[in-house]
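I opened this entry to keep track of charged pairs and helix packing. Notes follow in the order I looked things up.

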Number of protein chains: 2
Amino acid sequence: MSGDLKQVIVLKDDIDISKGKEISQAAHASLGAYRKASDKKVSEWDNQGMKKIVVSSGDRRLEDLYEECKRKSIPAYLVKDAGMTEVKPGTVTALGIGPAESDKIDTVTGELKLIG
Amino acid sequence: MSGDLKQVIVLKDDIDISKGKEISQAAHASLGAYRKASDKKVSEWDNQGMKKIVVSSGDRRLEDLYEECKRKSIPAYLVKDAGMTEVKPGTVTALGIGPAESDKIDTVTGELKLIG
């Protein structure tokens, strides 16, 4: 039994981008992490309603959270913006994590603040 | 040759939901439409950098835009919220369209306003 699954989208806290841009980066992170998850996990997540949570990185670096996911074998995808429009090339803007077990993801993102 | 591909995420204009909720609905729309696209289209879109555009539905109904996509054989996915938190069950909140040819999607969403 794998328990509750979720995907967490972490958005960089202190970045000045437009709402539309932020949404497209979040969608990119979601899709990227989805493509790294196993078919089995995706299928279970799908059956559970594809729960997604959006949080802010606060004072954590997205790169560090990403490395932590990799160490813990949690599928994750770091979005680096091509920088053609609003930010400098290579700016890290979002991190997609999972689908994976909720409690496993919480060991990485449990302290981060939900974006309400 | 298939030309420029993009994905368009249409968000319902007059809905009162939180930013985090809106982002998760947008990601859901993006993922849903992605899963309806052919492997070939996905692969081409991937190679082109997975362009995503976020627009507002304005005075159009998401259901009507969705039907138009279906008539034109453009992969699309309509997000109906389960309504457990902020909105009434079954509320349509977002529509994902594509990846598909830019000019083909524009015949459906070309008049809609970009969310900047």
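**Salt bridges**

I started with a network: salt bridges link A:R60, A:E68 and A:K72. I counted a salt bridge where a side-chain nitrogen of Lys or Arg is within 4 Å of a carboxyl oxygen of Asp or Glu. Side chains of opposite charge can pair when their charged atoms come close. My search of the whole structure, over all chains, returned 22 salt bridges.

**Ground rules**

This is a predicted model, so I noted that local features need pLDDT of at least 70, that side-chain atom pairs count only at pLDDT 80 or more, and that totals for chains, interfaces and linings use all residues. Residues are numbered from 1 along each chain as its sequence is written, chains are lettered from A and ligands numbered from 1 in the order in which they are written, and side-chain values use heavy atoms, with hydrogens and water left out.

**Confidence**

I checked pLDDT, the predictor's confidence in each residue, from 0 to 100. Chain A has a mean pLDDT of 93, and 96% of its residues reach 70 or more. The model's ipTM is 0.92 and its pTM is 0.93.

**Pair within chain A**

I looked up A:K6 and found a salt bridge to A:D106, 2.7 Å from N to O. A:D106 sits in helix α4 (residues 102–109) of chain A and A:K6 in strand β1 (residues 5–11) of chain A, so the pair ties together parts 100 residues apart in sequence. Helices (H or I, at least four residues) and strands (E, at least two) are DSSP runs, numbered from the N terminus. For burial I used relative accessible area: buried is under 20%, exposed over 50%, partly exposed in between (1.4 Å probe, protein chains only). A:K6 is buried at 9%. A:D106 is partly exposed at 35%.

**Pair between chains**

Next came A:K19 and B:E22, a salt bridge with the closest N and O atoms 2.9 Å apart. A:K19 lies in helix α1 (residues 19–36) of chain A and B:E22 in helix α1 (residues 19–36) of chain B, so this pair joins two chains. B:E22 is buried at 12%, whereas A:K19 is partly exposed at 38%.

**Helix α4 of chain B**

Which residues of this helix are buried? I found B:S102, B:I105, B:V108 and B:T109. Down the axis of α4(B), the buried residues fall within an arc of 115 degrees (directions from the helix axis to the C-beta atoms), so they line one face of the helix. They pack against β1 (5–11), α3 (62–71) and β4 (92–101) of chain B, with contact taken as heavy atoms within 4.5 Å.
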